[in-house]
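Here are my notes from a pass through the model you sent over. Have the structure open as you read, and take the points one by one.

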Amino acid sequence: MIYLRKPLLAAGCALALSGCRYDVLSPQGWVGGQERNLLIISTLLMLIVILPVLFMAVYFPLRYRADRSDTSDYDPSFEHSNKLEAVVWGVPVLIVAALGWYTYVYTHRLDPYRPLDHLEAGAPVEVQAVSLDWKWLFIYPELGVASVNELAIPAGRPVNFSLTSSTVMNTLSIPALGGMVYSMAGMETKLHLIADSEGTFQGRSAHYSGPGFSDMVFETKALGEDDFEAWVAGLRETGTPLDRDSYLALEKPSIDAPVSYFASVEDGLFDRIVNLCVETGKVCMKDMMMSDSMGGGGLEGIGDAAAYSHDRARAIDGFGAPITLPEPAATSHHESAREEALLTLPGLICGPGVDGQEDSIHVN
C-alpha cells in the first residue's frame, strides 16, 4: 500500500485539476493574447532572479556545510566584493526597469477604455451590460434586442461594452477574450474586447456580490456574421418587449436565472438604469447632482425623500430574499423639519436672520 500512495496522490491531483480551464494561457482574442504575452514576459523576467536563488538555496548549504573535508577556500578576512555587489544590486535594478517599461507599454496598449479601432476589424458592436442580482442583462442598442445570461457577438469584430449595475458592484469577466472591468451602480464604465474566431466562451461575475454569486454565469457565443444575424432575428421573433415595467420585474433578485430574450428595448432604458431612475417618480442621478450643485432642496425637500431613494426598495436578507424596510419618519412641514434639525444636530445655534426676517442657523 505504501508503494501505491504516491501514484494515488498524483492521480487525485490530476483529477482535481481536470476541471480547471486555462483560458488565460490559451486566449481567443487580441486583448487576451496581449495579456498572456505580458504575463509570460513578466514571469520570464522574474525567473532571472528566482532560478539562481533556488539554485543557491541548495548549492551553498551543500558546498559550505560544516562537516566538509576541504576548507582551503575559507577566508575569515573576507568583507566586501564589488563584483558581488554589482550582481546583487544591478540585476534586480535591470529587472525592475524592464518590468516597469513593459508595464507602461501594455497599460496604455490594453487600456479597457481604449477602442480597438487600430485592429481595423470592421464596425464594432455596441453592448450595454447590466449586472443584476444575480444575472446579466445584455442590451444591443443598435439592434433593439436584449438577452439575459447569454451574450452573442460576431467573431472578428470589436465589441464595445458599456457597463453598469443595478445594485452592488460586480465584474464582467470573459477570461478567454481578455480582462475585466467593474460595473457600479450610478456609473458607466467601458470595456473593449474581440473574439478572433468562432466558439463558446465562459463568462461570469468575478466579484462576490451575495448568495447568488456562484450562479452569475453566462455563455459568450462568438458567431459568424450570418449566424449572428440569425441569432438577432430569433430574438425579434421569440422575445418579449423590454420596457421599464418588465425591467423592474427582471431586476428582482433571483438565483440561477434561465436564459431569456427580449425582442425590443425601450428607448433610453440603459440611461435610466445608469441614473437609477427606472421607477416612475424617481429623480435621476444626473438631475440630483445638478440640484445639489445649485444648493439642493433645503429643508422643504425632506418630504420628497422617497423620490431620491433607490436602495431601500432593493434590500435583501442573507439568503437573497427581498425584505421590506419600515418607511422613515419624514415631514414636509418647514418649521417641524427645522425644529427636528435643531434637536438632532449638535453644535447648531438658532439666531435672528438679516433685518429681523426668518431665523438663520449658524454652525458653532
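1. Start with Phe 228, which is buried in this predicted model. Its relative accessible area is 5%, and that puts Phe 228 under the 20% cut-off for buried. Trp 231 also counts as buried, because its relative accessibility is 11%.

2. How far apart are Phe 228 and Trp 231 along helix H4? They are three residues apart in that helix, which runs over residues 225-238, so about one helical turn separates them.

3. Now for the rings. A pair of aromatic rings is described by the distance of the centres and the angle of the planes. The structure holds twelve aromatic pairs. Take Tyr 208 and Phe 213: their ring centres are 5.5 Å apart and the planes meet at 65 degrees, so this pair is edge-to-face. Phe 228 and Trp 231 make a stacked pair, with 6.2 Å from centre to centre and 20 degrees between the planes.

4. Phe 55, Tyr 59, Phe 60 and Tyr 64 are linked into a cluster by ring pairs. One of these, Tyr 64, has Arg 63 over its face, at 5.2 Å from the ring centre.

5. Next, Asp 133. You'll find it in the loop that joins strand E1 (125-132) and strand E2 (135-140). Is Asp 133 buried or exposed? It is buried, because its relative accessible area is 5%, under the 20% limit. Setting aside neighbours within four places in sequence, Asp 133 is in contact with Thr 167 and Val 168, and also with Glu 251, Lys 252, Pro 253 and Ser 254.

6. Last, the cysteines. How many disulfides does a search of the whole structure find? It finds one, formed by Cys 277 and Cys 284, whose sulfur atoms are 2.0 Å apart. The link between Cys 277 and Cys 284 is right-handed, with 80 degrees about the S-S bond. Both Cys 277 and Cys 284 are buried.

Key: Residues are numbered from 1 along each chain as its sequence is written. This is a predicted model: local features need pLDDT of at least 70, side-chain atom pairs count only at pLDDT 80 or more; totals for chains, interfaces and linings use all residues. Side-chain values use heavy atoms; hydrogens and water are left out. A disulfide is a pair of cysteine sulfur atoms within 2.5 Å. Buried means under 20% relative accessible area, exposed over 50%, partly exposed in between (1.4 Å probe, protein chains only). Helices (H or I, at least four residues) and strands (E, at least two) are DSSP runs, numbered from the N terminus. Contact means heavy atoms within 4.5 Å. Rings of Phe, Tyr and Trp (its six-membered ring) pair if their centres lie within 6.5 Å; planes under 30 degrees apart count as stacked, over 60 as edge-to-face and the rest as tilted. A charge sits over a ring if NZ of Lys or CZ of Arg is within 6 Å of the ring centre and within 35 degrees of the ring normal.
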